[in-house]
Amino acid sequence: MNDLVSVVIPTYNRYDELFRAIDSVLLQTYKNIEIIVVDDNYNNKDLRNKIKNKLKAYKNVNYLTPNKHLGGSEARNFGVKNSKGKYISFLDDDDEYYENKIEEQVSLFNSLKDDKLALVYCYGDIIYPNGLVEKEKTNYKGWPLSIQMRFNIAGTSFWLIRKDIFELIGGFESIYSHQDGVVLLKLLSYGYKVNLCEKELVKYYFHSRGKGITDVNEKILTSNIEYLEMCKKYFYMIPKSEQRKVLLKYYDDRNWNLIILNKDKDAKEDLKILFKKYFMSKELFICIYRIIFANRYRRKDMEFHKNVLLGDNYEK
């Protein structure tokens, strides 16, 4: 079947990268596509006009200009609301598709013929500012709810998702981080499944928001707490042994983040919880080790930023 696919591209503070992204969609081998650009530059009229003028030379691009700044989550929701496709393929304005991305994912949907299949994702290439390329490969299929609680299965540019199910679960929610993770969490909690196209089909350009690779700040810490609370709503759906893994992963990640933020005192306070509830766990010993060698971890983080992210001024 040649179902319509809507490619939703939210854009903010980018121009050249946006048109690189659009061009990668126009080069797709799958042709029944509509492109929806959601211009979230409400406070930058000059950039909006510049984008609008260049788009006059493009066909099959639905250019939307919301009357306020939406942010990433709401911009994607706005694009979906104005779409007509059976499937939605999201694309960040600084990423690219390989030419067969949509064809491969639609083909997999059609071949599996599974009413419970909601989303197909793919492998990709992570491209760092210094030219380093890293393969992005996760291999989870079916109903990996507890896995999603611990590790994000795939970012939005890697997805092809059914529009009816995206709307059923309420789309994206306004959260600083884990925006894609929340959608996957809700999708799986409804009993829907994911599958994987085992090919590199996306170029994901890594950018730093902060001073280190982890992009850690207070908002990230708050978002992590919010995401954990969302996960807890669905704990009744997974065994207690998996619940324990989710909580230990949270404290492990939090410990790393606190160390990078020079919040060693808070990291030590968390040890009290780990000693009380998770004594003799592997994560407890990892967290203790990090605290002892905190300066070494911070130095490595800054070295990675200097060597890999040097000169990067974009915001993802």
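These legends walk through a few views of one predicted protein model.

**View 1. The whole chain at a glance.** The protein has 12 helices and nine strands (helices are DSSP runs of H or I with at least four residues, strands runs of E with at least two, numbered from the N terminus). Its radius of gyration, taken over C-alpha atoms, is 20 Å, close to the 20 Å that the globule rule gives for 316 residues, so the protein is as compact as a globular protein of that length. That rule is 2.2 Å times the number of residues to the power 0.38. The C-alpha trace spans about 60 × 45 × 35 Å along its principal axes.

**View 2. Helix α9 beside helix α10.** Two packed helices are described by the angle between their axes and the distance between the axes. Here the axes are lines fitted to C-alpha atoms over the stretch in contact, with angles from 0 to 180 degrees between N-to-C directions. The axes of α9 (residues 240–260) and α10 (residues 264–277) come within 9 Å and cross at roughly 160°. The two helices are therefore roughly antiparallel (over 145 degrees; under 35 is roughly parallel, 65 to 115 roughly perpendicular and the rest oblique). The contact divides into seven nonpolar, one polar and six charged residues. Nonpolar covers Ala, Val, Leu, Ile, Met, Phe, Trp, Tyr, Cys and Pro; charged covers Asp, Glu, Lys and Arg; the others, Gly among them, are polar.

**View 3. Helix α9 meets helix α12.** The axes of α9 and α12 (residues 294–308) come within 9 Å and cross at roughly 80°, so this pair is roughly perpendicular. Trp-256, Ile-259 and Ile-260 of α9 touch Ala-294, Tyr-297, Arg-298 and Asp-301 of α12. Five of these residues are nonpolar, none polar and two charged.

**View 4. Helix α8 alongside helix α9.** α8 (residues 218–232) packs against α9 at about 180°, with the axes 11 Å apart, which means that α8 is roughly antiparallel to α9. Leu-221 and Leu-228 of α8 are among the contact residues, as are Val-246 and Tyr-250 of α9. The contact has eight nonpolar, two polar and two charged residues.

**View 5. How confident is the predictor, and where does pLDDT stay under 50?** The mean pLDDT (confidence in each residue, from 0 to 100) is 93, and 94% of residues reach 70 or more. It stays under 50 over residues 210–214 and over residues 311–316.

**Notes.** Residues are numbered from 1 along each chain as its sequence is written, and side-chain values use heavy atoms, leaving out hydrogens and water. In this predicted model, local features need pLDDT of at least 70 and side-chain atom pairs count only at 80 or more, while totals for chains, interfaces and linings use all residues.

Methods:
Contact means heavy atoms within 4.5 Å.
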